[in-house]
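Here is a short report on one protein model. Look at the sequence and the structure first, then read on.

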Amino acid sequence: LNLDVDPATMTSQMERLPGYGRVIIDHNPVKAGDVVIIHSVSGRNPVPVDAALRVKELGGHVIALTSLAYSKGVPSRHACGKNLYQVADLVIDNCGAPGDGAVTLPGLAEKVGPTSTAVGAALLNAMMTQAVQYMLEAGATPPVFLSANVEGGDRHNQDMLRQYGEHIYYMGHK
C-alpha cells in the first residue's frame, strides 16, 4: 500500500482491512522458496500481518522491515494478536521512533521529519547490494538492470526482461 490514492488518509483504512493482505499476495506469483520483503513501520495492522502469514503458508520466507521500538510499543490490530515482527522469518529494524517523526520543533506538539522512507530505501539498497555480492562470490552473474538513461541501458534492460521477465511480476508481466 502506498500514498497514490486520494485522499491519502484512505491508506490508513485500507491497511486495517482484515484479509486484504492475503488478497494482495494471492494476486502475485509468490511460491515456495520465494523471499518477500514487507515494510511496515508500526507492523501492527492486519494487511502486513495477513500478507506475511499468507507468504509463509505458501512456503515463502518473510523479511520484515519495521521499527521494533514502535512495534513493540503498540498492540496488534490483527486477529491473531501479533505484529509483523512476530510472524516474520527475519526482522530488519529501521530504528525509527514511535510515530515515525524524528524532529521536535519549538511550539509544535507533534514530531515531524519521518525517517522510515529514507532509512528503508537505504537498508533495502544495502541488502540488494549484499545479495549481488553473494551471487558474485558464488560464481553467478547477477541480473542487474541499468538506468535507461545511460547508453545501452534500454537494450540491456530489454535483454534482462527477455531472460528474467517471468520472475519479475511488476515489469513486463504478461
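## Two paired strands

This is a predicted model. Begin with strand 2, which covers residues 61-66. Strand 2 pairs with strand 3 in the parallel sense. Four bridges join the two. Find Leu65: its bridge partner is Ile92, in strand 3.

Now widen the view. The sheet is open and has three strands, in the order 1-2-3. The pairing is parallel. Which strands stand at the edges? They are strand 1 (35-39) and strand 3 (90-93). Each has a single partner strand, so one side of each has no neighbour in the sheet. From one strand to the next, the twist averages 20 degrees.

## His39

His39 lies in strand 1. Is His39 buried, partly exposed or exposed? Its relative accessibility is 38%, so His39 counts as partly exposed. The limits that matter here are 20% and 50%, because partly exposed lies between them.

Leaving aside residues up to four places away in sequence, His39 touches Leu65, Asn94, Ser116 and Gly120. Pro29 is ten residues from His39 in sequence. In space, the two are 19 Å apart, C-alpha to C-alpha.

## Helix 6

Helix 6 runs over residues 116-137 and has 22 residues. How far does helix 6 reach from its first C-alpha to its last? The span is 31 Å. That is close to the 32 Å expected at 1.5 Å a residue.

Gly139 follows helix 6. The phi of Gly139 is positive, near 85 degrees.

Technical notes:
Residues are numbered from 1 along each chain as its sequence is written. This is a predicted model: local features need pLDDT of at least 70, side-chain atom pairs count only at pLDDT 80 or more; totals for chains, interfaces and linings use all residues. Side-chain values use heavy atoms; hydrogens and water are left out. The expected span of a helix is 1.5 Å times one less than its number of residues. Two strands pair if DSSP finds at least two bridges between them. Axes are lines fitted to C-alpha atoms, for helices over the stretch in contact, and angles run from 0 to 180 degrees between N-to-C directions. Buried means under 20% relative accessible area, exposed over 50%, partly exposed in between (1.4 Å probe, protein chains only). Contact means heavy atoms within 4.5 Å.
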